[in-house]
Amino acid sequence: MVSNPVHRLPFLPGTSFKDSTKTAFHRSQTLSYKNGYAVVRRPTVGIGGERLQVNQLSQAELDELANKAPILTYGQPKQAPPAEFIPAHVAFDKKVLKFDAYFQEDVPMSTEEHYRIRQVNIYYYLEDDSMSVMEPVVENSGIPQGKLIKRQRLTKNDQGDHYHWKDLNRGINLTIYGRTFRVVDCDRFTQVFLESQGIELNPPEKMALDPYTELRKQPLRKYVTPSDFDQLKQFLTFDKQVLRFYAIWDDTDSMFGECRTYIIHYYLMDDTVEIREVHERNNGRDPFPLLMNRQRMPKVLVKNAKNFPQCVLEISDQEVLEWYTAKDFIVGKPLTILGRTFFIYDCDPFTRQYYKEKFGISDLPRIDVSEKEPPPVKQELPPYNGFGLIEDSVQNCFVLIPKAPKKDVIKMLVNDNKVLRYLAALESPIPEDKDRRFVFSYFLASDMISIFEPPVRNSGIIGGKYLGRTKVAKPSSTAEDPIYYGPTDFFIGAVIEVFGHRFIILDTDDYVLKYMENNAAQYSPEALLSIRNRIQKQEAPAPELENKQTREDPPGVQELEALIDTIQKQLKDHPCKDNIHEAFQIYDQEASGFVDKERFFKICDSLNLPIDDSLIKEVRPSP
């Protein structure tokens, strides 16, 4: 058991002793310099000058014991002392890996170069795994060069991992701070070190050269081929001679585009073109006189000059294959200048004379380009959404601030407080709806309809207002041209469809009878006949007298009444109601309301009325 050498106590938890009078806790120095070289020495004392509990043997004795092979070994052999400790900053001091690399830099604002190749040296310091990027300084380059990235540990991914010398090799790409470097070669020391660590190096690559730098090394061209064209003669001959053309630019195909007029001037003295804009009073445009300043206009560019920045740099003869000349401006033909297509429709007399003498073109008529009035646009109303009246909704399509539709004031004054009331039943396949009754109120002043359902006790249906006062359109009408129900559409037996619900008129009040009597010309014969039948039923005698009268009536009267009821059902929606009414009035000269059977069938045959043949055979007299 190990014991404390000072107090001879077992070295166990709870029995150790700490010297409370100890004040020195410094460590002994293990690294020193001798003649400018770092020398490592083993510590001789412990912390605070305490004696070390190890064998105080010299280095030579330790090496001898480590290399000695005993002949006889009793028990397990003792382990050799650890190897000499050498810190990393000592072992790899002043050892640096050097790689040759380059990166490509875009040059957007230059006509002579689109990109630039910059050569750099990448240094990897083995003592602390740091890296730096240096660019050799080139004299008069105009580029800040030297230290691009100062010495530091560089991350290689988003997880925060740093570059290690195992990640470096020839022929690879290194991305540092968003810039990609291509490693092409390394020095001799770097190659030996990486191969000694078991890394297989890629073959070296050729360093990329900067195209602009190589272009500057070529000798400048000093010889210029003289031109056969005498520009001085052209200037002196055609000075102050200008061709004037009148053109239009039609941009109506684009949004908010329009057709605008321009004047194109072609200067014969130097083959330049100028485009002037024609302004009109109150056209709402700024008074800029020129659309395009006087300059030479390219017609055909070089194939590689499409990306030439024309907005900031002038075009030279190197980018143009053909320029615009006077023969390209012809009246009646379109002309594309700087992306805009102009149509030349006229020119001045001097231009006509010049084309006649120079090119032999004598026919340059003026072309009429006046704008034709477009056909009127038919205003289409949006579909009816079902809310409110159609007349109110349509007002939003006519004016910005809608107004209420005009009302017939005279009609409202004449028919004020005049209401026609009808009793109706709901036509529904549901058995519970067969006994329901509704009161239709037709307001003559506004042509509106309201429906009220009288409450019935223990019916299970809550009565009251069924439909508020509103206009009801017929189902056969459209939303663009609605046809509303009128007073002539309400009579006994008529079917009224209100928003998908069908109602059958069963009875009317006395005021309706009086109104129909005063306005009989407005109602159809079917409506008048229904009212007449109702009056007859009201004036009918007691049942005993009715049975007696029925027995006394001839058999033809009963058949005629049955025929009338059947025909009424068949002629309910016949389009020739007015013609039938006039035909029966012609034959009924006494205004008795009845005609004999022969005249009845004669009228039916003349008007082609759809009467059932079986009924006709039963009632028609035998020949």
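Q: Is Phe-503 buried or exposed?
A: Phe-503 is buried, at a relative accessible area of 0%; buried means under 20% relative accessible area, exposed over 50%, and partly exposed in between, with a 1.4 Å probe and protein chains only. This is a predicted model, where local features need pLDDT of at least 70, side-chain atom pairs count only at pLDDT 80 or more, and totals for chains, interfaces and linings use all residues. Residues are numbered from 1 along each chain as its sequence is written, and side-chain values use heavy atoms, with hydrogens and water left out.

Q: Which ring does Phe-503 pair with, and why is the pair edge-to-face?
A: The partner is Phe-440: the ring centres are 5.2 Å apart and the planes are at 70 degrees, so the pair is edge-to-face. Rings of Phe, Tyr and Trp (its six-membered ring) pair if their centres lie within 6.5 Å; planes under 30 degrees apart count as stacked, over 60 as edge-to-face and the rest as tilted.

Q: Which residues are in the aromatic cluster?
A: Tyr-422, Phe-438, Phe-440, Tyr-442, Tyr-466, Tyr-485, Phe-490 and Phe-503 form one cluster.

Q: How many aromatic pairs in the whole structure?
A: The search finds 20. One of them is Tyr-422 with Phe-490, stacked at 5.1 Å centre to centre and 25 degrees between the planes.

Q: What does that pair tie together?
A: Tyr-422 lies in strand β17 (residues 419-427) and Phe-490 in the loop between β20 (464-470) and β21 (495-498), so the pair ties together parts 68 residues apart in sequence. Tyr-422 is buried at 2% relative accessible area, and Phe-490 is buried at 0%.

Q: Change of topic. Where is Arg-170?
A: Arg-170 is in the loop between β6 (146-152) and β7 (173-176). At 8% relative accessibility, Arg-170 counts as buried.

Q: Which side chain makes a polar contact with Arg-170?
A: Asp-185, at 3.3 Å between the side chains. A polar contact is a pair of N or O atoms within 3.5 Å; within protein, one must be able to donate a hydrogen and the other to accept it, and residues adjacent in sequence count only if both atoms are side-chain atoms.

Conventions: Helix = DSSP H or I, 4+ residues; strand = E, 2+ residues; numbered from the N terminus.
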